[in-house]
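Subject: A structure for you to look at

Hello,

I am passing on a structure that you have not worked with before. Please open it alongside this message, and then read on for what turned up.

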Amino acid sequence: MKRNVPIQLLCLLENMLFDCHSCVKWDNVYSDFFTVMFGVRQGSVLAPFLFAVFLNELIDTCNLDRNRFIIVYADDILLISHSVVNLENLIHLCERELNWLDMAVNYKKSCCLRIGPRCDVSCANITSLTSQVLPWTNVIRYLGIFIVQSRTFKCSIDEAKRSFYRAANAMFGKIGRFASEEVTLHLLKTKCIPFLLYGFEALPLNKSQISSTDFVINRYFMKLFNTNCQVLSAGVLFQSTKYHFGSSHRQFF
């Protein structure tokens, strides 16, 4: 209503989410139907937008101070602050807002990471309002990106390389030498390369990381073509890659 949504659309949303019932299917046997008292339909097109509106008050409240920021994507929350004390205050503020929204923080999946010149210095423990201690770690995962403790903002690509190897080896184990090279290259480009290059357009990669990624692709092409020479350089692959900023689509030549 604060966003001046037309009353007809508001009534439609209310009727769609009101008096919902569900059941559990197990081996062609259905349980009794039960009433769903809160939440949105998982997989619904409107669900992410409704959830974003639901958490909008949390974002507005936490971003009032210029020394702290909050980044929210669905139910994954990233809090950024310049000091430990300010970070703890920000966590307490989020807890109060989420409690007011009848939500709670999953402390088992929550942790803290320090980036800056004093990243190696031990920090005081951060405690939640419910006396839960949030551990300090050397690496955190946010939206599939692994951020590591460092003097400057730095991301790790080790998991991306492992994901590429898993996908490529699984694909190669299924088709082996039976498929043509064209088919294998197409599957590699569409099914495996995206694991390796996920989020690269937004990451501050250094020369060492680019060279490491180049080595991964080179080694796999050497295995694919059964040769000891570098038949295709990943550096050429990166140079011929068109990144469409603001979109997850990438086109290769």
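Let me begin with Tyr-220. Leaving aside neighbours within four places in sequence, Tyr-220 is in contact (heavy atoms within 4.5 Å) with Phe-164, Ala-168, Asn-169, Met-171, Phe-172 and Leu-188. Tyr-220 is buried, with a relative accessible area of 3%. Here buried means under 20% relative accessible area, exposed means over 50%, and partly exposed is in between, using a 1.4 Å probe and protein chains only.

A word on how to read all this: the model is predicted, so local features need pLDDT of at least 70 and side-chain atom pairs count only at pLDDT 80 or more, while totals for chains, interfaces and linings use all residues. Residues are numbered from 1 along each chain as its sequence is written, and side-chain values use heavy atoms, with hydrogens and water left out.

**The core**

Which residues touch the most other members of the largest nonpolar core? They are Phe-164, Leu-188, Cys-192 and Tyr-220, in a core of 26 residues. A nonpolar core is a set of buried Ala, Val, Leu, Ile, Met, Phe, Trp, Tyr and Cys residues joined through side-chain atoms within 4.5 Å. Two or more residues each are given to this core by strand 9 (139-142), strand 10, helix 5, helix 6 and helix 7. Helix 5 gives the largest share, six residues. There is also a second, separate core of nine residues, with Leu-58, Cys-62, Ile-70 and Leu-98 included. As background, nonpolar side chains in soluble globular proteins tend to be buried together.

The helices and strands named here are DSSP runs numbered from the N terminus: H or I of at least four residues for helices, E of at least two for strands.

**Aromatic pairs**

Rings of Phe, Tyr and Trp (its six-membered ring) pair if their centres lie within 6.5 Å; planes under 30 degrees apart count as stacked, over 60 as edge-to-face and the rest as tilted. By this rule there are three aromatic pairs. The rings of Phe-164 and Tyr-220 have centres 5.8 Å apart and planes at 75 degrees, so this pair is edge-to-face. Phe-164 sits in helix 5 (residues 158-175) and Tyr-220 in helix 7 (residues 207-224), so the pair links distant parts of the chain, 56 residues apart. Both Phe-164 and Tyr-220 are buried.

Phe-172 and Tyr-220 make another edge-to-face pair, 6.4 Å centre to centre with 85 degrees between the planes. Because Phe-172 lies in helix 5 and Tyr-220 in helix 7, this pair ties together parts that are 48 residues apart in sequence. Phe-172 is buried too, with a relative accessible area of 13%. Ring pairs link Phe-164, Tyr-165, Phe-172 and Tyr-220 into a cluster.

**Helix 6**

Helix 6 (residues 181-196) has a kink of about 40 degrees, centred on Lys-189. The bend at a residue is the angle between axes fitted to the seven residues ending there and the seven starting there. The buried residues of helix 6 are Thr-184, Leu-188, Cys-192, Ile-193 and Leu-196.

Two strands pair if DSSP finds at least two bridges between them. Strand 9 and strand 10 run antiparallel and are joined by four bridges, and Arg-141 has Phe-146 in strand 10 as its bridge partner. Two residues lie between the strands of this hairpin, where Leu-143 takes a positive phi near 55 degrees.

Strand 10 and strand 11 also run antiparallel, joined by three bridges, with Cys-155 in strand 11 as the bridge partner of Ile-147. Five residues lie between the strands of this second hairpin. Ser-150 is found in the loop between strand 10 (145-148) and strand 11 (154-156) and is buried, with a relative accessible area of 16%. Not counting residues up to four places away in sequence, Ser-150 touches Arg-114, Ile-115, Gly-116 and Cys-119.

Asn-28, in the loop between strand 2 (25-26) and strand 3 (29-30), has a positive phi near 65 degrees and is exposed at 61% relative accessible area. Asp-102, in the loop between helix 4 (84-100) and strand 7 (126-127), has a positive phi of about 65 degrees and is exposed at 68%.

How many disulfides does a search of the whole structure find? It finds zero, a disulfide being a pair of cysteine sulfur atoms within 2.5 Å. Cys-11 is partly exposed at 36% relative accessibility, whereas Cys-20 is buried at 13%.

Best wishes
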